[in-house]
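Here are some notes on the model we discussed. Please read them with the structure open.

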Amino acid sequence: MRDWNLQGRNRDARLARAASLVDGKRVAAANARALLEAVLEPGDRVCLEGNNQKQADFLARTLASVDPARVNGLHMVQSVLALPEHLDVFERGIASKLDFSFSGPQGARLARMVADGRIAVGAIHTYLELFGRYFVDLTPRISLVAAQAADAAGNLYTGPNTEDTPVIVEATAFKRGIVIAQVNELVDSVPRVDIPGGWVDFVIQSPTPHYIEPLFTRDPAQISEIQVLMAMMAIKGIYAEYGIQRLNHGIGFDTAAIELLLPTYAESLGLKGKICRHWALNPHPALIPAIEAGFVESVHSFGSELGMEAYIRARPDVFFTGSDGNMRSNRALSQAAGHYACDLFIGSTLQIDLAGNSSTATLGRIAGFGGAPNMGADARGRRHASPAWLKAGREARGDGGRMPRGQKLVVQMVETFREHMQPAFVDRLDAWDLAESAGMELPPVMIYGDDVTHILTEEGIANLLLCRTDEEREQAIRGVAGYTPVGRGRDRRMVENLRDRGIIRRAEDLGIDKRMATRDLLAARSVKDLVRASGGLYDPPKRFRNW
Amino acid sequence: MDLTSLLNRLFPDGHEIAADGVYFDGAGRVFGTEVAVIGTIDNTPIGIELAFRMAGAVLEVVRRHPGRPILLLVDTQGQRLSHRDELLGINGYMAHLAKCIDLARRNGHRVLGLVHGQAVSGGFLATSLLADRCYALPDAEIRVMNLPAMSRVTKIPLERLTELSASSPVFAPGVENYRRMGAITALWEGDLAACLAEALAVPTDGDPRRALGEERGGRQLARKVADRVRHDAV
Amino acid sequence: MEILTYEYRGGRPVASPPPSVLVGVVGSGNLEVLVEPAPLGGLCRVEVQTAAVGFGATWQAVLDDVFARHPLADVRISINDVGATPAVVGLRLDQALDAFAGGAQP
Amino acid sequence: MTSYYEDSARGRLAGLLDPGSLTEILPPTERVVSPHLRQLDTPAAFDDGIVVGEGRLAGRRVLVAAQEGGFMGGAVGEVHGAKLTGLLERALDTRPDGVLLLVESGGVRLHEANAGLIAVSEVMRAVLAVRASGIPVIVLDGGTFGCFGGMGIVSRLCDAVVMSEEGRLGLSGPEVIETTMGVEEFDSRDRALVWRTVGGKHRYLLGEAATLVEDDVSAFRAAALALLDHKPDVSLSALEAEHAALASRLERFGDCRDALDIWERLGVEEPERLPILDTADFLATVCDRRA
């Protein structure tokens, strides 16, 4: 008779091997390496928690220090490669295969190691895809996660940075895997239960608190007047035009400028209550003035942001907070919310081609995707209507009697030249060369051209929804590509025609006086202004201070 | 040159100069003239204590020996680079030293500087560069920054800096460059006592360095520009 | 460093121009623009000193458009540039030439 | 309210002086640029990063110099320094009510390091000559790049320093100390540490800054005006008093390793609160606590 519980029995065997190291569920930090060597088996699929914010850094160091003779050939399935240890495990032969989403800080080293054959990459995913595969064909055998605190029963309290922990633990615990958590403190009772103790096998108090990167903090002092101009165009030419109520913003100074113009410029246009009410967004400090001005009704977050804790606690009507008063973030759910429940995504990119495909890939770096493609893609499965979604759909499909359907607004916002005069518009994305050199099956495209609805540059807005032919689309893109070679290659007559038809709109077409585009328009011009706007509740990380 | 032989050569008629670690002061006699001496050795970094101590010594000369010439013999690799010195306002201590030297000048003390080891940046600024005249021994070293470090900071290729420094005295380390720029009046060689006596005898008036730099072809613009700003009608 | 010169004809002189207008700062990604009246026989002359080498065609395109917006004659425009993007170049020139044509120092 | 921190040198002067009263000497149209930058393939500025001229402050005659931090961090080169020296010497001839130095400088410009270093020493002597002639020299320090190197010394040679809390004043910049001595000595990325070490509030508490104002050009204007009646005193007794004050600073705080230790020793309650206080609250909190 077939044994239907091999996984359970294997789990029991692993736990038995670790029995001597455990006191209840607690394992001393000094025994962490021994624990991993006891419970891991060669070839295991391992999820090491780490994203662009929170890091299970102690467990990462510990995993990188195990004996490769005992633990090897691991298959890492993790959101982000952020720490050197995430690649050290491959260098030491502990792991050999990788499925992941994002590797920004380690992108160059990853590319070298892939080229050297030290890492076999399964696939590069978006967050939601990878989380999805945790429940289908990439279920972790062992998960190494991070939390703020644990009690004796193993109940975990994550604090505001809940992030990926629930989805990782759920996938592991309910498939007879093993969950090991590093925690900053051991407590008698946790302030709230983010992960039930029954889902957690081992708890280790780490010698130092887990690292959190303040990735979403943008110093308003660095926002340029060009970015102010582009933000004015976004607000007047897109947000007001479509009545955008529910949205997500990418990271960057371009979108921070929009956030900081809501209480000033958008207010002056009478848009309060008409735009930007509901957000799937990390708690951007730059959003504080808009929240205080009454623009924002709700914000659900993928993760938290360092320094925003007290402010979030004091604004429970806006943020999702627990009985302890602190935020509960959740990357998987916020990604789903951003995909299905938002009408607009706006973000920056590095390169856009003539078909509107955009990519942040550069040669010699495998950076991955993160969550932007989940936000920056039309939700084909969406069925509920909203005015913005319907208007976009009408513009795309015309009134030709086809089946009515809406469309998500996906806006790419770029200056035509980046730093050092690198053009943002190109004939051919670097992603093609990267795919070739790294042996990828697909060029790593962040947002596909057929999902992009608008391209916004300092020269104007190209509404791709209204383009009816590939040629129109190309000229619309060239028509906002400024003085880049792509922009200079425009057909001037056709671009003027597109402008007459409202497909291309310049600042003056939108009634925007460029001379108004100064930093004086920003609701906060420094991090200190943000602190003031928060009534002293925002406590920025010290690297962002000038006081 | 070690301090003892330097002092012996400067003051063949004898001196009472006491050293305390890297610091020394006292007086020496050269051809019958009593000269106050304040200085340091061992390329010492000048932190707040040392700046303060030198300032005190200058004030002491002004109080007790009106009119006595002062010879600065400061050997320094520059200001002390430390968080604690910045915390306590090292720039204020340096400025205080400079003010004391200037006070001495205004009160009729001839102030001379002699670079005998190193003279670098802030340590040079607050001391010998404030003297009426500054001299140097030929093997002394004067700089703001060496060329490799300068290349790193300015991102200008080292080869380019090296090549240009062969003809331009404007940025590269070197006593001769500072002489051409007018900051070093002359190099002292041979009979140092005679050099000192001669320097003490030359009348001084105002800050001659721009004119000197122009005359020697090291600084072509400083005098012209300063004069225009001073005198142009507006 | 590269030095570029451009000349435009067909503009009109400003009736009572200010002695000069200066806009911007010679800092990274920025530039300074100095505009002065000059007896150039109806020409508008632009002299660019730029740290970004090899962008002559881009400058030409940007300046063509600037001249189309501000067709001035007997004007000398001097630029010190540290790799400013065309967007910033256009902005500074608009600021400078608006002020010049308006006859008042900004 | 116009932010002094964000403004350019020319913008600051425009807001500081009586409207239209500035007459610039060697303006950009004269094109007195640094010849040394060109040699090193580096862009020059038409004013070499400093504006000098004559103007009026509430009707009173002043000479002014404003360094532009955006150009090479306000660093002093041959022309830049000579403009400043010439301006100070002009005061000896024209005897204005005061000289205002709007400093913003990382110190000596490395591309012309020797010329810059000597120029700073000429500025130092010129400042002291102007003060000795009875004309006050007032420093305003609230720019983005702070005031370091030789200009940090120059600032403390003057009659008074007006700072905002955003302003910084020191000798060696934190990055220089970190690069040379290591991150343990001074972590330049820890901006809270940087500001409580060299920022306006600490400088005010130590007595290095005479006045602390909001980051507002008109606040700087008011503070500068109030200081114009200051009578320079460069006598032996004045320097003896300064010497005693610096001795007492060394004695009281010489063993302190952080500004918080100093503030605590000054009798400030909850010193860790000081950085976040608005200027007005800060001044009220520390009014009788300065060194």
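The points below cover numbering, a helix pair, a sheet, a chain contact and an annotated span.

1. This is a predicted model, in which local features need pLDDT of at least 70, side-chain atom pairs count only at pLDDT 80 or more, and totals for chains, interfaces and linings use all residues. Residues are numbered from 1 along each chain as its sequence is written, with chains lettered from A and ligands numbered from 1 in the order in which they are written.

2. In chain A, helix α16 (residues 470–478) packs against helix α18 (residues 492–500) at about 90 degrees, with the axes 9 Å apart. Helices are DSSP runs of H or I, at least four residues, and strands are runs of E, at least two, numbered from the N terminus. Axes are lines fitted to C-alpha atoms, for helices over the stretch in contact, and angles run from 0 to 180 degrees between N-to-C directions. α16(A) and α18(A) are therefore roughly perpendicular (65 to 115 degrees).

3. An open sheet of eight strands in chain A has the order β12-β11-β10-β13-β16-β17-β18-β19, with mixed pairing; two strands pair if DSSP finds at least two bridges between them. Its edge strands are β12 (298–300) and β19 (504–505) of chain A. Strands β10 (residues 246–249) and β11 (residues 278–280) of chain A run parallel and are joined by two bridges; A:W279 in β11(A) is the bridge partner of A:L247.

4. Between chains, 11 residues of chain D are in contact with 15 residues of chain C (C-beta atoms, placed from the backbone, within 7 Å).

5. For residues 1–236 of chain D, the end C-alpha atoms lie 42 Å apart, and the span is 39% helix and 16% strand.

Notes: Parallel < 35°, antiparallel > 145°, perpendicular 65-115°, else oblique. Contact = placed C-beta atoms within 7 Å.
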